[in-house]
Amino acid sequence: MALALQQLINGLTLGAVYGLIAIGYTMVYGIIGMINFAHGDIYMVSAFIAVTVFTLLATFSISSIPLSLLLVLLVAVLFTSVYGWTVERIAYRPLRGSTRLAPLISAIGMSIFLQNMVQLTQGARVKPIAPVLVGGIDLLTIDGFTVRLAYSQILIVFVTIALMAGFTWLITQTSFGRQQRSCEQDRTMTALLGINVDRTISLTFMLGAALAAVAGVMVTVYYGVVDFFIGFVAGIKAFTAAVLGGIGSLPGAMLGGLLIGLIEAFWAAYLSAEYKDVATFSILILVLMFRPSGLLGRPEVEKV
Amino acid sequence: MTTLVLARNTTSLTDRLKDAGAIALVALLLGIPMIGLTTVDQGGALRIATRWPTLFAFIAVCFVGRLLLRYGFDQWRARRMVREQATLAVVDRSVATNPWLDWIGWGALGVSLVLPIAFSDNRYVVDTATTVLIYVMLGWGLNVVVGLAGLLDLGYVAFYAVGAYTYGLLSTQFGWGFWQALPVAGAMAASFGIILGWPTLRLRGDYLAIVTLGFGEIIRVILVNWTELSGGPNGITSIPRPSFFGLPFKPPGDDPTFASFFGLEYAPNQRILFLYYLILGLALLTNLFVSRMRKLPVGRAWEAMREDEIACRAMGINARNVKLSAFALGAMLGGFAGVFFAARQGFISPESFTFNESAIILAIVVLGGMGSQLGVVLASLVLVLLPELGRDFAEYRMLIFGAAMILIMIWKPGGILAHREPTMRYVAGGESR
């Protein structure tokens, strides 16, 4: 019971992070219909930026936790969205309107490039940072097992909820959100109505990268270590989450992220930690077999 | 038109500088966190290290590079416009059947036949050529699934792994030979192809991509963790090498060996050469098999399915069987390549079957031009030789590899040899060619 509660907390935390990354996949897929394979690596880049900024703050002996978190978030979001913009500009925009596979291949190339660039410039070894947010609340103790809610977990869940709320507002209420949704429906028509499609797509990539940056900072705070390979696994899981929730749907991405996080946490606790990835993918295959458009996705209507 | 050309030529220097300046600003923002700053481990704690000179060099390269590139591109475009105006001819760039391609194909075959004889004392060349041929074979196998049937498979390496492990286990546990295990491993990989194909029949495009990716990862995770079967991360060691119809490549001993049977002097490179010709033979058989399959009804159905699935169903083609046959056949060819890989290396571990490998094989198919057999050969050459040539600056080679993938795609989005010609086409009068 206590273990289940603990895993529920851990799973929700993990799921929130997957959800944040998944939104980037789902938005990009919604607007230009391609899998942004480099998105996981954008997240990895942001984790490295977070490590650098945390170290920098320590050098200047800024020890106030809220201030340093805020600074790290701001800097990481800023620089990572530039990365998101550049990736789109270099690897995807020239290929818009060509076959569906071409941007996928250049995305895989971009992913390999980013991984190796970080490995070269930042080193291949695991980077540990000094714990930023230590401690937590002991919720209850059953049979000597204490259920613990770490402060970093509270932070992750709250930041995610706030971002989701802000994002829903951005997409449903603002002018940019309307432009974005209209680009999703029909790019040609949108352009005819005087909306700068290229700019909207660029902004979408930057927003996706910004969310991935937040996820990267959160993971750095939560685990305290980063290496250049974290992007691949997190990227695949987050993409699975996006597909599970129904690709193109924002609430779906969050729901999918939470589900993947919970499945992983419970599977690791009760069945086997080694096969948790197998569980994730098997459940994905099962969902797609019986509901091919994901949990919240609209079924794709095929026209001749 | 002329005014437009002139206008392009007269882009003012200030505009060009502004444009390059914007690029330099982006380079600055990209460079600060990655190049300018880094963290180094010092006594268990991280410390900031700076590399400002490198950062400034990077920005300068971006600035000048953009300036020159933009200028060159504008010049080129202006010239092309003038030329096209002068000729007023619409150049048909979709020329499909280029007679040169046949000659290149035969030439490549000739080169591949004599290459090991010419370089028989240079083991490195023959080894690299063998690696190229493994990728050619994998590319031709995946080409059936992706290029012909149009099913995006991101987990192709799973079948390669199934083939390799089937041979590894059969040979080390049951003492099977290479030639006995080859068909069994092929069948095994094909059945895995059907296992993967069955649940994904209804899926399209990107959903299919992610499921195949997941399948590839599942196979790899099982191989890592099911230690009793696969040896876990340590893999399977001392897998027997293939023999020449029962004659092993060994120094002379009691049993007849290849060298003693043919009265040759034993030399270690005999096995290398044999392995090379073995994979060459397997690859050529694959090519022959696939190009014949393309002309059969099922092969034509693959291509039709790639172009329009709904139309295919309306014409009464059984989509399930067509898709499953493509999966099974592609998987079988991957399995054969896996058997050869295991036999050549003598050692296999899950490390050889990561997603990166799938990505490289897919890149070979797409870069080569989907559906083009010769394109696969060219792309394998590029993708295998590029990291090999980069050995001198070894740490940059994967970086260059990734950049090359992007650049080739931007340069030729349809692949090096882009054509989507159907293998068979209807000619009035009922004759097909």
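Visitor: Which residue stands opposite B:Thr39 in β2(B)?
Guide: Strands are DSSP runs of E (at least two residues) and helices are runs of H or I (at least four), both numbered from the N terminus. Two strands pair if DSSP finds at least two bridges between them. In β2(B), the residue opposite B:Thr39 is B:Ile48.

Visitor: What kind of model is this?
Guide: Residues are numbered from 1 along each chain as its sequence is written; chains are lettered from A, and ligands numbered from 1, in the order in which they are written. Local features need pLDDT of at least 70, side-chain atom pairs count only at pLDDT 80 or more, and totals for chains, interfaces and linings use all residues; this is a predicted model.

Visitor: In the hairpin of β1(B) and β2(B), which residue takes a positive phi?
Guide: Strand β1 (residues 37-42) and strand β2 (residues 45-50) of chain B run antiparallel, joined by six bridges. Two residues lie between these strands. The one with a positive phi, near 60°, is B:Gly43.

Visitor: Chain A has a hairpin of β2(A) and β3(A); which residue takes a positive phi there?
Guide: Strand β2 (residues 136-142) and strand β3 (residues 145-150) of chain A pair antiparallel over six bridges. A:Ile137 has A:Leu149 as its bridge partner in β3(A). Two residues separate the strands, and the positive phi, near 50°, belongs to A:Asp143.

Visitor: Which element gives the largest share of the side of chain B that touches chain A?
Guide: Residues are in contact if their C-beta atoms, placed from the backbone, lie within 7 Å. The contact takes 49 residues from chain B and 53 residues from chain A. On the chain B side, elements that each supply at least two residues include β1, β2 and α17 (397-411). The largest share, 13 residues, comes from α8(B).

Visitor: What radius of gyration does chain A have?
Guide: Chain A has eleven helices and four strands. The radius is taken over C-alpha atoms, and the globule rule is 2.2 Å times the number of residues to the power 0.38. With 304 residues, a compact globule would come near 19 Å, and chain A agrees at 19 Å.

Visitor: How many of the 21 residues of α10(A) are buried?
Guide: A residue is buried if 20 or more other C-beta atoms lie within 10 Å of its own, exposed if 12 or fewer, and partly exposed in between, with C-beta atoms placed from the backbone. By that count, 51% of the 304 residues of chain A are buried. Helix α10(A) is largely enclosed by the rest of the structure, because its buried residues number 15.

Visitor: How far apart are the end C-alpha atoms of helix α11 of chain B?
Guide: The expected span is 1.5 Å times one less than the number of residues. Buried residues in α11(B) include B:Ile279, B:Leu282, B:Ala283 and B:Thr286. B:Met137 touches those four, among others. The 25 residues (269-293) should span 36 Å, and the distance agrees at 36 Å.

Visitor: Is B:Met293 buried or partly exposed?
Guide: B:Met293 sits in helix α11 of chain B. Leaving aside neighbours within four places in sequence, B:Met293 is in contact with B:Val298 and B:Gly299. With 18 other C-beta atoms within 10 Å, B:Met293 is partly exposed.

Visitor: How far apart in space are B:Met293 and B:Val144?
Guide: B:Met293 and B:Val144 are 149 residues apart in sequence. In space, C-alpha to C-alpha, the distance is 9.6 Å.

Key. Contact = placed C-beta atoms within 7 Å.
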